[in-house]
Amino acid sequence: PYDYAALEPTIDEQTMRLHHDKHHQAYVDNANAALAGTQWEDRPVEQVLVELDLLPEDKRAAVRNNAGGHANHSLFWEIMSPDGGGEPSGSLKSAIDDAFDGADALKQALNDAGVKRFGSGWSWLVWDGTGLAVYSTPNQDSPMLKEFDDVPLLGIDVWEHAYYLNYQNRRPDYLSAWWNVVNWDAVQQRYD
């Protein structure tokens with residue numbers, strides 16, 4: 001929803017082009033190929049992920065990885081903004097204050113989840129049915145999968161392709177800088 005260079009200097013144009021046009025597109029293409037000819041091929045990605053256990057076993061891994069990658073990245077682009085940063089407000093702020101004792105503690109929890117994720121994955125703020133929670137998932141696992149059954153509100157991509165050109169092996173620096181582009185309004189809409 002913005003130009004490739006719009007998130008600079010936090011996320012550079014080249015990273016955004018590669019991340020969106022190559023990585024995300026590959027997830028879409030591979031998910032579509034895995035779902036072709038099944039009853040799920042024209043269903044929303046959220047439904048496909050929730051019903052993953054119903055898919056033929058030989059398609060599950062490809063769908064989990066690629067439909068998960070598509071869903072995760074689709075959310076990721078929306079919860080960032082060139083006008084991002086700042087602090088949450090409204091009912092989201094109240095929920096964060098109740099669950100984490102403030103936005104700074106939430107940011108620390110999400111950063112810690114991302115730093116501690118061995119290999120590639122995501123750190124998440126989710127609605128778990130009773131309140132807000134933070135955790136990390138490996139690879140392209142989505143909080144919408146049946147084993148989690150959560151509503152993703154905010155997800156930070158900690159795959160190296162999301163940050164390596166600017167931050168190299170400094171994932172903590174990327175995570176700290178990422179808060180400069182968070183779109184709290186979009187997260188609030190998801191929370192509502």
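**Reading the features**

Author: Let's start with the aromatics: Phe 76, Trp 77, Trp 122, Trp 124, Trp 178, Trp 179 and Trp 184 form one aromatic cluster. Keep in mind that this is a predicted model.

Reader: How many aromatic pairs turn up in a search of the whole structure?

Author: That search gives 10 aromatic pairs. Take Trp 122 and Trp 124: their ring centres are 5.4 Å apart and their planes lie at 20°, so this pair is stacked. Ring planes under 30 degrees apart count as stacked.

Reader: Are Trp 122 and Trp 124 buried or exposed?

Author: Trp 122 counts as buried, at 0% relative accessibility. Trp 124 is buried too, with a relative accessible area of 0%. There's another stacked pair to look at: the ring centres of Tyr 163 and Tyr 174 are 4.9 Å apart, with planes at 20°. That pair links distant parts of the chain, since Tyr 163 sits in the loop between strand 3 and helix 6 (164–167) while Tyr 174 belongs to helix 7 (residues 171–178), 11 residues apart. Both Tyr 163 and Tyr 174 are buried.

Reader: On to the strands. Which strands does strand 1 pair with?

Author: Strand 1 pairs with strand 2 (residues 132–138) in the antiparallel sense, over 7 bridges. It also runs antiparallel to strand 3 (residues 151–157), joined by 6 bridges. As for cover, 6 of the 7 residues of strand 1 (residues 121–127) are buried.

Reader: What should I look at in the hairpin of strand 1 and strand 2?

Author: The hairpin has 4 residues between its strands, and Gly 129 there takes a positive phi near 100°. Thr 130 is also in the loop between strand 1 and strand 2. With 72% relative accessibility, Thr 130 counts as exposed. Its side chain makes a polar contact of 2.9 Å with the side chain of Asp 128.

Reader: How do I read a helix that has one side covered?

Author: The general idea is that an α-helix has 3.6 residues a turn, so residues three or four places apart point the same way. In helix 5, the buried residues are Ala 103, Leu 106, Lys 107, Leu 110, Asn 111, Ala 113 and Gly 114. They cover an arc of only 160° around the axis, which puts them on the same side of helix 5. The face turned away from that buried side carries the exposed residues Asp 104 and Lys 116.

Reader: What do the buried residues of helix 5 pack against?

Author: They pack against helix 4 (90–100), strand 1, strand 2, strand 3, helix 7 and helix 8 (184–191). You can check the helix's length as well: at 1.5 Å a residue, the 14 residues of helix 5 (residues 103–116) should span 20 Å, and its end C-alpha atoms are 20 Å apart, which agrees.

Reader: And helix 8: which of its residues are buried?

Author: Trp 184, Ala 186, Val 187 and Gln 188 are the buried ones in helix 8. Their cover includes helix 3, helix 4, helix 5 and strand 3.

Reader: How should I go about reading a single loop residue?

Author: Ask where it sits, how covered it is and what it reaches. Ser 81 lies in the loop between helix 3 (57–78) and helix 4. At 12% relative accessibility, Ser 81 counts as buried. The side chain of Ser 81 reaches the backbone nitrogen of Asp 83 at 3.0 Å. Leaving out residues up to four places away in sequence, Ser 81 touches Tyr 2, Leu 7, Val 181 and Asn 183.

Reader: Last topic: which backbone angles deserve a second look?

Author: Most residues other than glycine have a negative phi, and most peptide bonds are trans. Asp 101, though, has a positive phi near 65°. It is in the loop between helix 4 and helix 5, and at 71% relative accessibility it counts as exposed. Asp 149 likewise has a positive phi, near 55°. It lies in the loop between strand 2 and strand 3, and its 59% relative accessibility makes it exposed.

Reader: Where is the cis peptide bond?

Author: It joins Glu 8 and Pro 9, with omega about 5°. Pro 9 is in the segment before helix 1 (13–35).

Conventions
Residues are numbered from 1 along each chain as its sequence is written. This is a predicted model: local features need pLDDT of at least 70, side-chain atom pairs count only at pLDDT 80 or more; totals for chains, interfaces and linings use all residues. Side-chain values use heavy atoms; hydrogens and water are left out. Buried means under 20% relative accessible area, exposed over 50%, partly exposed in between (1.4 Å probe, protein chains only). Helices (H or I, at least four residues) and strands (E, at least two) are DSSP runs, numbered from the N terminus. Two strands pair if DSSP finds at least two bridges between them. Rings of Phe, Tyr and Trp (its six-membered ring) pair if their centres lie within 6.5 Å; planes under 30 degrees apart count as stacked, over 60 as edge-to-face and the rest as tilted. The expected span of a helix is 1.5 Å times one less than its number of residues. The arc is that of the directions from the helix axis to the C-beta atoms. Contact means heavy atoms within 4.5 Å. A polar contact is a pair of N or O atoms within 3.5 Å; within protein, one must be able to donate a hydrogen and the other to accept it, and residues adjacent in sequence count only if both atoms are side-chain atoms.
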